[in-house]
Amino acid sequence: MDDRDYMQLAIDLAQRGLYTTSPNPRVGCVLVRDGDMIGSGYHVRAGEGHAEVNAIADAGDAAGATAYVTLEPCSHTGKTPPCCAALIAAKVARVVVAMTDPNPLVAGRGIKRLQDAGITVETGVLEAEAKALNPGFIKRMEKGVPWLRVKLAMSLDGRTAMASGESQWITGAAARSDVQRLRARSCAVVSGVDTVIADQACLTVRADEMGIDPDIALLAAEQQPLRVVLDSRLRLPVDANILSQPGHTLLIASAENPKAQHALEQAGAEVVYLPAAHGRVDITKTLQLLSERHCNEVMVEAGATLAGAFIEAGLVDQLNVYMAPTLLGSEARPLLQLPLSTMAQQQRLTIESITPVGEDWRIDASPLK
């Protein structure tokens, strides 16, 4: 095996933390000495041991080993001590890093500290694959906003619900389970108040519906994503399903309503006011607020109007569209509300993948930037 093979093992380990590390990045580490893997570890969740520390503990003795790490070892003290110090103390001889850390608190300092200690450091091994582990963390560190996905479900003729609003269920159980996994990897799930009321939405991660290892699913369900409801005038009823779920619900309003605010806060919600944009909650400032709350990946599960607004504003990184093999007809509701009137205004997409999910299909696409 060569450096790429061992780094792939580290990437595979990091994937195990896909649903649980928020707001930290997903990181894996493998220790190799004389051609044998002597230790491995990954970051499970924030506040607990990082990948390097876990791998060193697994090895017991890491002196003279090569450490393969998917992200530059941290050089600062947060909830845990710096990982580069742990590697130095363990007397590893060489560190292979897939990608440098975009966090300005690290950003090359971890590598320099290792080199200053006489450790050989190499970077860029499977860099693209390592970056794919943490699109949200990278974007938040580099641009100050989360990585945003919009989840949509439609019929083969591009409709999302009947004219009456009836929509359950277009897609099958496998697709709904897949959506649970998308929620679980998200730091926050955003919806509009009309959708939350109409669908009696909960927007929670439910372990028994994820279709993955039960132990990992339980960990994911313990760490519920922040539920964010854009509710400009605070119309959400105090007995709404979303307010009785585990985790935290944040209501973002643009018009003050002290009476409703008090009642909703008594029901367990947090209320934040942001300036209005075009008579609605400002979605750009919403994402900035979520970034300040350390949200890496944000998922929008909303109706055609709000989903369309995020796309029109150029805020979307990826569309996850579930397409069911059914027809709802011309009177049914469209996938998106986008005010386009000419072919010149069309918004082209890059199709990243088309994957069967049970009887349905999932289309992952990104807007051309």
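Arg206 is placed in the loop that runs between α8 (193–199) and α9 (214–222), where helices are DSSP runs of H or I with at least four residues, numbered from the N terminus. The model is predicted, with local features requiring pLDDT of at least 70 and side-chain atom pairs pLDDT 80 or more, whereas totals for chains, interfaces and linings use all residues. Residues are numbered from 1 along each chain as its sequence is written, and side-chain values use heavy atoms, without hydrogens and water.

With a relative accessible area of 30%, Arg206 is partly exposed, a class between buried (under 20%) and exposed (over 50%) for a 1.4 Å probe and protein chains only. Beyond its neighbours within four places in sequence, Arg206 contacts Gln180 and Arg183 (heavy atoms within 4.5 Å).

Arg183 belongs to helix α7 (residues 173–184) and is buried, at 9% relative accessibility. With neighbours within four places in sequence again left aside, the contacts of Arg183 include Leu203, Arg206 and Glu301. The unreviewed UniProt entry lists Arg183, Arg206, Ser167, Leu203 and Glu301 under "binding site"; such annotations may be inferred rather than shown by experiment.

The largest cavity has a volume of about 70 Å³, this being the space filled by probe spheres set on grid points joined across faces, edges and corners. Its lining comprises three nonpolar, six polar and three charged residues, with Gly counted as polar and Cys and Pro as nonpolar. Because domain 1 (3–133) and domain 2 (136–367) both contribute lining residues, the largest cavity lies between them; the domain bounds come from an automatic or database assignment. Arg26, Asn134 and Arg185 are among the lining residues, defined by an atom within 4 Å of a point on a 1 Å grid where a 1.4 Å probe fits but cannot get out.

Terms used
Helix = DSSP H or I, 4+ residues; strand = E, 2+ residues; numbered from the N terminus. 1 Å grid on protein atoms, 1.4 Å probe; cavity = no way out; pocket = protein on both sides within 12 Å on 5 of 7 lines; lining within 4 Å.
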